[in-house]
Amino acid sequence: MNIWLLLIPVISAFIGWFTNWVAIKMLFHPRQPKKMLGITIQGIFPKRQIQFAQKLGKLVSEELLSFDEIANTISSPENLDKLRPMIESHVDHFLREKLSAEMPMISMFIGDKTITKLKTVFMEELTTLFPSLMKEYAGELKQQLDLEKIVTEKVAGFSSDKLESILMQIMAKEFRFVEILGGVLGFLIGLLQVAITVFTA
């Protein structure tokens, strides 16, 4: 067998790995548009950064972080139950301490039974008021915070270096796998070429 035939799988593996490596690099480079042979070339992410930012902003505001879900969560009875001991403690402190200090005459007519009754009435009213209050607050927060706009502006404002760094941190293993896969496929294609050459010779 010709010794050069044995180099074909190695060369094919290198070509497969190299082309995938170049393809990954071209996701981010060149950062600025450059003309080569009359063709303008720019990395995919730098070129599409604005569109990427807009899509991500829309995704976050509509799918990942819904104000309706936030409103339902913060207004749930379970959350009120978690706050109940603290609220009751504050109400008790107000009726026993602050009211006595601010209005001594009234506090003289308020005993333990009255305080307990007032706390019960207050907590019942709060149980009714809390869900609607929290939903109204979430509605106002939604108007004040345009999540889609915030995310879009933040991502669009990233430098190309920072965007590449973030994506590489997230997808480094996947990019490495693509490079290796290119080498493996290239090697297998090289073996196939050798086999075809040998058996057709």
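Student: In which helix is Ser-12 found?

Tutor: Ser-12 is found in helix H1, where a helix is a DSSP run of H or I with at least four residues, a strand is a run of E with at least two, and both are numbered from the N terminus. Please keep in mind that this is a predicted model, in which local features need pLDDT of at least 70 and side-chain atom pairs count only at pLDDT 80 or more, while totals for chains, interfaces and linings use all residues. Residues are numbered from 1 along each chain as its sequence is written, and side-chain values use heavy atoms, with hydrogens and water left out.

Student: Why is Ser-12 called buried?

Tutor: Buried means under 20% relative accessible area, exposed means over 50%, and partly exposed is in between, with a 1.4 Å probe and protein chains only. Ser-12 has a relative accessible area of 14%, so Ser-12 is buried.

Student: Which residues does Ser-12 touch, not counting residues up to four places away in sequence?

Tutor: Ser-12 touches Gly-186, Phe-187, Gly-190 and Gln-193 on that count, and contact here means heavy atoms within 4.5 Å.

Student: What makes H1 roughly antiparallel to H9?

Tutor: The axes of helix H1 (residues 3-25) and helix H9 (residues 160-200) cross at roughly 150° and come within 7 Å. Axes are lines fitted to C-alpha atoms, for helices over the stretch in contact, and angles run from 0 to 180 degrees between N-to-C directions. Angles under 35 degrees count as roughly parallel, over 145 as roughly antiparallel, 65 to 115 as roughly perpendicular, and the rest as oblique. The crossing angle therefore makes H1 roughly antiparallel to H9.

Student: Which classes of residue are in the contact of H1 with H9?

Tutor: That contact has 14 nonpolar, 9 polar and 2 charged residues, where Ala, Val, Leu, Ile, Met, Phe, Trp, Tyr, Cys and Pro count as nonpolar, Asp, Glu, Lys and Arg as charged, and the others, Gly among them, as polar.

Student: Is Ala-23 buried, partly exposed or exposed?

Tutor: Ala-23, whose place is also in helix H1, has 43% relative accessibility and so counts as partly exposed.

Student: Which residues make up the largest nonpolar core?

Tutor: There are 10 residues in all, including Leu-80, Val-91, Ile-115 and Phe-130. A nonpolar core is a set of buried Ala, Val, Leu, Ile, Met, Phe, Trp, Tyr and Cys residues joined through side-chain atoms within 4.5 Å. Helix H5 (77-102) and helix H7 (112-144) are the elements that give two or more residues to this core. Apart from it lies another core, of 7 residues, among them Ile-24, Phe-45, Leu-163 and Phe-175.

Student: How do you know that Arg-96 counts as partly exposed?

Tutor: Arg-96 lies in helix H5, and at 33% relative accessibility, Arg-96 counts as partly exposed. Leaving aside its neighbours within four places in sequence, Arg-96 is in contact with Asp-112 and Ile-115.

Student: What makes Asn-79 partly exposed?

Tutor: Asn-79, found in helix H5, has a relative accessible area of 21%, and Asn-79 is therefore partly exposed. Asn-79 and Pro-131 are 52 residues apart in sequence and 9.9 Å apart in space, C-alpha to C-alpha.

Student: Which residues does a cis peptide bond join?

Tutor: A cis peptide bond, with omega about -5°, joins His-29 and Pro-30, and the place of Pro-30 is in the loop between H1 and strand E1 (34-36).
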